[in-house]
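Have a look at the fold, then read on.

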Amino acid sequence: MPLGRSLSMTSLNGLPQCEDEDLPVEDLLLFEISWEVTNKVGGIYTVIQTKAKTTADEWGENYFLIGPYFEQNVKTQVEFSEPPNPAVKKAMDTMKSQGCQVFFGRWLIEGSPYVLLFDIGSAAWNLDKWKGEFWEASNIGIPFHDREANDAVIFGSLTAWFLKEFDDKPNIIAHFHEWQAGVGLILSRSQKLPVATIFTTHATLLGRYLCAASLDFYNNLDQFDIDKEAGERQIYHRYCMERASVHCAHVFTTVSQITATEAEHMLKKSPDVVTPNGLNIKKFSAMHEFQNLHSMYKARIQEFIRGHFYGHLDFDLDKTLFFFIAGRYEFSNKGADMFLEALSRLNFLLRVHKTDVTVIVFFIMPAKTNNFNVETLKGQAVRKQLWDTAQSVKEKFGRKLYNALLRGEIPDLNKILDRDDISIMKRAIFSTQRHSLPPVTTHNMIDDSNDPILNTIRRIGLFNNRTDRVKVILHPEFLSSTSPLLPLDYEEFVRGCHLGVFPSYYEPWGYTPAECTVMGIPSVTTNLSGFGCFMQEHVADPEAYGIYIVDRRFRSPDESCNQLTQFLYGFCQQNRRQRIIQRNRTERLSDLLDWKYLGRYYMHARHLALSRTFPDKFEMERSAPPKTEGFRYPRPSSVPPSPSASQHSSPHHSEAEDEDEEERYDEEEEAERDRQNIKSPFSIGALPQGKKKQHGEYRN
């Protein structure tokens, strides 16, 4: 019987979906091991959290996540319980009897998967012994001062110990994410445990370091002396842990084709399967509900802008666009350097063409701060005071108007406001006067003289002057709905913006533009990000669907910056209707990023690992692994990307063009055409085929 799953050609919105057949999950256990299980550090947390529901639906009670125990995380994320599986309970009891604290429960996320958490601190007394065992197994020495690597040794040793406590049945698949979990994989293989192992690298260690050093990384991949580069950066032991994990695993996967190329040179092995990252897609019952959310949260951002720019609010908020960049504070890797340079050029273009559009750009990148900027807090206080004053005068005005109408009179508008009302309004106006420019940062930065973003702002002169058409706000803290400044969660903030800009130089996948796409917000990415390459494969005209892909691989930095500037300027020239149409198209791409579809690549990796580990029980056809290509969204019939509807500043505007474009664009027709054009990404013949034991022997 087939080990794999057959593909159904009918599913939500036309995407092919996998149907259960005879995968013997009842005879298997799947453990997924990562340092970021219940412990948010970076993007891997998002991968595991969002994928959990799809995997739990497939594996049911036989799916377990393994991670470290941190009390502050567990308090709000885990509901403790007893393990229902007797083999898991036996292994846990054995470890507990020897002094190790092991916790079990359900992770309170979508899918509610089981989690097994090791208390690293309770086992730290074994560190020297386990480092010795790791040396004997791999000849990799771990320096005492590298706490993260030492924790990885403890975590990996506990994982290998746990897996060792299982008998030959049931068969086990252990999926390890990143080098922090790799020690467990290396020890499992050195101890010859009957476990099918998978290792996924979401980004190579050395690649991240080299890109941060502003080297021409991708054009010199075959030129680097890997050992020398790792040694100079004092990460040689970590690099060896990562490389050993890659070569020990039965199946090695990466998250994108660009990372696969990188791994081939950095880790000296090509991945067996590329496993793109997905998200849990929640469709609204009403097609345009996400557009309503955009309007609602945009209004909330506008309220913040009214306070932040008090005294300098001489631009029309209805003609103001909100751009943003978000992520780890990696100035070059995340493309903040190129983005700022492009903003300087965009500001010049908008001023030269005397456009009435204003662009406000948010940098949401956490950095070390003392506290909120006093001037920023004062701005929000002034805004609130003005609002209270306006409400008070409005109530008094309304009462007088109401009484006059009751008497059958038309009130004298010159008398309806008395001298006190005029005085109150004058005081309110005087309170908005300021003798300084609106701040470019919302917080007091620690060592701001050496901050790369602030130094670049000083160099290019974007100080939020009245004449600037591009304004900049650095928010060096994660967004929160409890913030006194900008009380919005990240998702709400993204929905309220017009464009996400992520011109990354090093981005193995890129969850930030993917999240924008799912929420119907256009974004800028690059052909050096996994997400950008994925969209180039699947969308015939990405710009038409609100995905702007900057070429940072085959162009010089200056040419790439000019291309980014043109993307931004072109977006500024769109009118409201054009942006609405583009958001509709962007949101339709969300089907491509659904784990219901992308989860199949992880399934393939598990099938491959089983066939390599237990060849007498499971077989696979000799065929190439599934690729992430095979269908493309066509170019919309109404391209140019959005109808060239009227812009009063455009010299080529005419009402005839508006009517022509309005007739040409039919959203329902376009959406249906997109659904019809999605095809299966790989044929049924390429799916793994297996064998199932019957009456003491294996048969097809």
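Helix α4 (residues 127–138) packs against helix α5 (residues 147–164) at an angle of about 80°, and their axes sit 10 Å apart. Axes here are lines fitted to C-alpha atoms, for helices over the stretch in contact, and angles run from 0 to 180 degrees between N-to-C directions. That angle makes α4 roughly perpendicular to α5 (under 35 degrees counts as roughly parallel, over 145 as roughly antiparallel, 65 to 115 as roughly perpendicular and the rest as oblique). Helices (H or I, at least four residues) and strands (E, at least two) are DSSP runs, numbered from the N terminus.

On the α4 side, L127, W130 and K131 make the contact, and α5 brings N150, V153, I154, S157, L158 and W161. Contact means heavy atoms within 4.5 Å. Sorted by type, the residues of this contact are six nonpolar, two polar and one charged (Ala, Val, Leu, Ile, Met, Phe, Trp, Tyr, Cys and Pro count as nonpolar, Asp, Glu, Lys and Arg as charged, and the others, Gly among them, as polar).

## About the model

Keep in mind that this is a predicted model: local features need pLDDT of at least 70, side-chain atom pairs count only at pLDDT 80 or more, and totals for chains, interfaces and linings use all residues. Residues are numbered from 1 along each chain as its sequence is written, and side-chain values use heavy atoms, with hydrogens and water left out.

## Salt bridges across the chain

The whole structure holds 32 salt bridges, each being a side-chain nitrogen of Lys or Arg within 4 Å of a carboxyl oxygen of Asp or Glu. One of them joins K319 and D356 at 2.8 Å, N to O. K319 is in the loop between α11 (289–308) and β12 (320–326) and D356 in the loop between α12 (336–352) and β13 (358–364), so the pair ties together parts 37 residues apart in sequence. K319 is partly exposed at 38% relative accessibility, and D356 is partly exposed at 42% (buried means under 20% relative accessible area, exposed over 50%, partly exposed in between, with a 1.4 Å probe and protein chains only).

What about K334 and E507? Their closest N and O atoms are 3.2 Å apart in a salt bridge. This pair links distant parts of the chain, 173 residues apart: K334 is in the loop between β12 and α12, E507 in the loop between β17 (499–501) and α17 (511–518). Both K334 and E507 are buried.
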